[in-house]
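Work through the exercises below with the sequence and the model side by side. Try each task before reading its solution.

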Amino acid sequence: MKKYIAYLLLIFILRGDGVMTFYKNIKRIENPEDILVLVNKNNKLDSTYIPKDLEKISIHYAHEEKYLRKEAKEAFEKMSEEATKQGYHVVAVSTYRNYEYQANLYKNYVEKKGTEYADSCSARKGHSEHQTGLAVDVEGENKDYDLFENTKEFDWMNKNAHLYGFILRYPQNKTNITGFKFEPWHYRYVGKEIAKKIYEKKITLEEYLKNPF
Ligand SMILES: [Zn+2]
């Protein structure tokens, strides 16, 4: 009987939120330049990886100097331009971040709020999509990306981001797959074709790459 309970408990823990599998069996990323590169808690970028084609986003659509890879940058500008035409303000607040910057960001969270909290909202060094130059955090009319969910821009992005090749990377109820809580402000460029598929199926990049179609 004891054995049986222990067994059930083990299954429960392992299934949990999938949390047990994060930051375990970490693989080194071999295709960092690929537009579909998968960076998450199990796939790590080299400390030396810097995208070769980073370009500065037009200041109309970004806070200060913000960089994305050429293809993502052009798509982002097109998207923000169209949003502006329709009366919305989708502005990039965080884009490419280098390895060291990410390391410090995560360290600060750990120091302030502990490892568990840090892991729920910040990636460890080498595990951030922002190092690919393909991810962007945005803010809307309330100029607070943390509260982006409450903006009309969030609704606009829900309907339109995929048309420009961006996906909502950390949706609600997918934490057990992505390893991150819901981040309404974080978008990832994957190109129009794949963005449409992921959007229509309501899946994550992890799920798509497991079974591409
Ligand atoms: Zn982000």
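**Exercise 1.** State which helix holds Lys192, and decide whether Lys192 is buried, partly exposed or exposed.

Solution. Step 1: Lys192 lies in helix 7; helices (H or I, at least four residues) and strands (E, at least two) are DSSP runs, numbered from the N terminus. Step 2: apply the cut-offs, with C-beta atoms placed from the backbone: a residue is buried if 20 or more other C-beta atoms lie within 10 Å of its own, exposed if 12 or fewer, and partly exposed in between. Step 3: Lys192 has 14 C-beta neighbours inside 10 Å, so it counts as partly exposed. Step 4: list its contacts, where two residues are in contact if their C-beta atoms, placed from the backbone, lie within 7 Å. Leaving out residues up to four places away in sequence, Lys192 touches Leu163 and Gly165. Step 5: from Lys192 to Val138 the separation is 54 residues in sequence and 19 Å in space, C-alpha to C-alpha.

The model is predicted: local features need pLDDT of at least 70, side-chain atom pairs count only at pLDDT 80 or more, and totals for chains, interfaces and linings use all residues. Residues are numbered from 1 along each chain as its sequence is written.

**Exercise 2.** Find out how confident the predictor is in the protein chain.

Solution. Step 1: pLDDT is the predictor's confidence in each residue, from 0 to 100. Step 2: the average over the protein chain is 92, and 91% of the residues score at least 70. Step 3: residues 9–18 have a pLDDT below 50, and this stretch makes six contacts in the model beyond near neighbours in sequence.

**Exercise 3.** Which residues touch the most other members of the largest nonpolar core?

Solution. Step 1: a nonpolar core is a set of buried Ala, Val, Leu, Ile, Met, Phe, Trp, Tyr and Cys residues joined through C-beta atoms within 7 Å. Step 2: the largest one has 33 residues, and Phe76, Met79, Ala92, Val138, Ala161, Phe166 and Ile167 touch the most other members. Step 3: among the elements that give two or more residues to this core are helix 2 (70–85), strand 6 (135–139) and helix 7 (192–201). Helix 2 supplies the largest share, five residues. Step 4: setting aside neighbours within four places in sequence, Met79 contacts Val90, Asn160, Ala161, Tyr164 and Phe166.

**Exercise 4.** Where is Asn25, and what is its phi value near?

Solution. Step 1: Asn25 sits in the loop between helix 1 (2–15) and strand 1 (27–28). Step 2: the phi of Asn25 is near 45°, a positive value in a residue other than glycine. Step 3: for comparison, most residues other than glycine have a negative phi. Step 4: Asn25 has 6 C-beta neighbours inside 10 Å and therefore counts as exposed.
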